[in-house]
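Here is a short report on selected local features of one protein chain. Please look over the sequence and the structure before reading on.

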Amino acid sequence: MSASPMPDWYQQGRSHIWLPYSQMQTAAPPLAAIGTQGSRITLADGRELVDGVAAWWTACHGYNHPHIREAASRQLATMPHVMFGGMVHEPALRLAQRLCALLPGDLERVFFSDSGSVSVEVAMKMAIQYRLNRGETGRTRMLAFKGGYHGDTLGTMAVCDPEEGMHHLYGNTLARQVIAPLPQDEASSREFHALLERHAHEVTAILVEPLVQGAGGMLFHGAEVLRILRAAADRYDILLIVDEIFTGFGRTGTLFACEQAGIVPDIVTLSKALTGGTMALAATVARRHVFEAFLSDNPEHALMHGPTFMANPLACACANASLDLFETQPRLQQVATINALLREQLEPCRTLPGVVDVRTLGAIGVVEMQAIANPEALRQRFIAQGAWIRPFRNIVYLTPAFTITEAELLRLTTAIHTVLSA
């Protein structure tokens with residue numbers, strides 16, 4: 001097929017955009033997408049790609065699901081937005097009620113925002129002010145983990161891995177937090193508890209990605225790690241914040257990853273698949289005792305945060321429609337099927353040169369390399385195979401829509417094997 005000429009909007013607008021995570025002087029020209037459906041992306045030049053990353057882990061039901069689209073259309077005709085300051089609306093209240101019913105324990109108060117990074121910022125502010133409102137002025141630091149990633153804003157950069165993360169250049173400008181190895185074995189558990197002994201008096205919260213450290217390299221850890229963290233938080237009267245932005249809504253095989261440990265976090269952050277990949281929305285959900293620490297006759301004890309598009313009705317309508325699909329469609333069964341297929345189809349990569357590990361969890365498949373010298377070049381080779389796969393660090397990974405067909409998944413895994421074999 002001969003390539004179609006690029007549309008005017010591409011030619012005229014490309015010189016005015018700044019792309020994410022890209023060295024703009026050397027980055028390859030971005031692809032021009034003109035349509036999506038299911039697990040497919042249609043490009044302006046006529047090519048079609050199978051999306052292996054579900055739009056940065058968001059489109060869990062696939063693109064353009066009719067149920068979500070219809071809900072968005074109805075809400076758009078009625079009330080696309082209204083401020084959430086001193087005013088509420090049905091989509092947000094219904095969504096908050098449903099989220100609290102799905103989450104474990106007494107996680108029962110929802111603060112909406114519009115991105116995952118902001119939801120973590122809100123969680124951190126909650127944890128700090130929780131202490132201040134109780135008169136504990138010395139406990140303002142976070143304990144987070146090596147390999148972790150929680151966002152790109154200034155506050156969240158400080159709780160990402162300070163050496164291996166994307167934000168080491170900002171090290172001298174960030175708040176100093178306590179960073180530890182995850183307690184995954186006897187040695188790291190000893191180090192973790194020793195660190196807590198030294199710092200518990202100044203730490204207000206432990207912050208962790210449950211089961212998978214996503215942007216840190218799709219690093220897996222067992223449910224026992226979460227139980228260790230919950231026990232340590234209880235022992236030292238520290239809040240436990242679980243960042244389910246990537247893992248929430250079925251990605252690891254259960255609706256929320258923390259379910260697999262049988263724990264109740266004090267605060268949970270949600271985003272990405274919350275709206276089924278259609279609108280920007282995030283939520284920070286707190287347990288009852290956290291919320292009650294903000295109730296006071298003193299106006300300064302209120303949580304002073306309020307994104308302009310907080311609880312956007314259009315986004316909340318999409319999120320409610322997404323939850324409908326989890327209730328009526330066999331999404332977790334589909335995740336289990338994807339996991340079995342990923343294990344079977346990626347396992348042959350283990351014998352390829354440069355491959356050091358192949359691992360899967362839920363609808364996540366990872367081929368870990370010794371190193372990837374040029375992720376951009378590798379990405380272009382996947383595109384040539386009809387696959388939208390974005391390697392980073394030293395991994396090639398898949399996080400497809402839960403509705404992907406077996407043939408589409410096979411195209412993705414075949415592309416990985418073919419490209420890594422070359």
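The model is predicted.

**Surface patch.** Tyr21, Trp56 and Met166 make up a nonpolar patch on the surface. Together they have about 320 Å² of accessible area. Met166 sits in the loop between helix 6 (154-157) and strand 6 (178-180). Its relative accessibility is 37%, so Met166 counts as partly exposed. Trp56 belongs to helix 2 (residues 54-57). Trp56 also counts as partly exposed, because its relative accessibility is 37%.

**Backbone angles.** Most residues other than glycine have a negative phi. Trp56 has a positive phi, near 55 degrees. Met218 has a positive phi too, near 50 degrees. Met218 lies in the loop between strand 8 (212-213) and strand 9 (219-220). Is Met218 buried or exposed? At 0% relative accessibility, Met218 counts as buried, since the cut-off for buried is under 20%.

| Residue | Phi | Relative accessibility |
|---|---|---|
| Trp56 | near 55 degrees | 37% |
| Met218 | near 50 degrees | 0% |

**Helix pair.** Two packed helices are described by the angle between their axes and the distance between the axes. Helix 3 (residues 66-78) and helix 10 (residues 313-328) have axes that come within 8 Å. These axes cross at roughly 150 degrees. Angles over 145 degrees count as roughly antiparallel, so helix 3 and helix 10 are roughly antiparallel to each other. The crossing of helix 3 and helix 10 is right-handed.

Key:
Residues numbered from 1 in each chain as written. Predicted model: local features only at pLDDT ≥ 70, side-chain atom pairs only at ≥ 80, totals over all residues. Heavy atoms only, no water. Patch = residues over 30% accessible without salt bridge, like charges linked within 9 Å, V, L, I, M, F, W, Y side chains within 5 Å. Areas by Shrake-Rupley, 256 points an atom, 1.4 Å probe, with all protein chains shown as cover. Salt bridge = Lys/Arg side-chain N within 4 Å of Asp/Glu carboxyl O. Helix = DSSP H or I, 4+ residues; strand = E, 2+ residues; numbered from the N terminus. Buried < 20%, exposed > 50% of the residue type's maximum accessible area, 1.4 Å probe, protein only. Axes fitted to C-alpha atoms, helices over the stretch in contact; angles between N-to-C directions. Parallel < 35°, antiparallel > 145°, perpendicular 65-115°, else oblique. Left-handed = near helix turned anticlockwise from the far one by under 90°.
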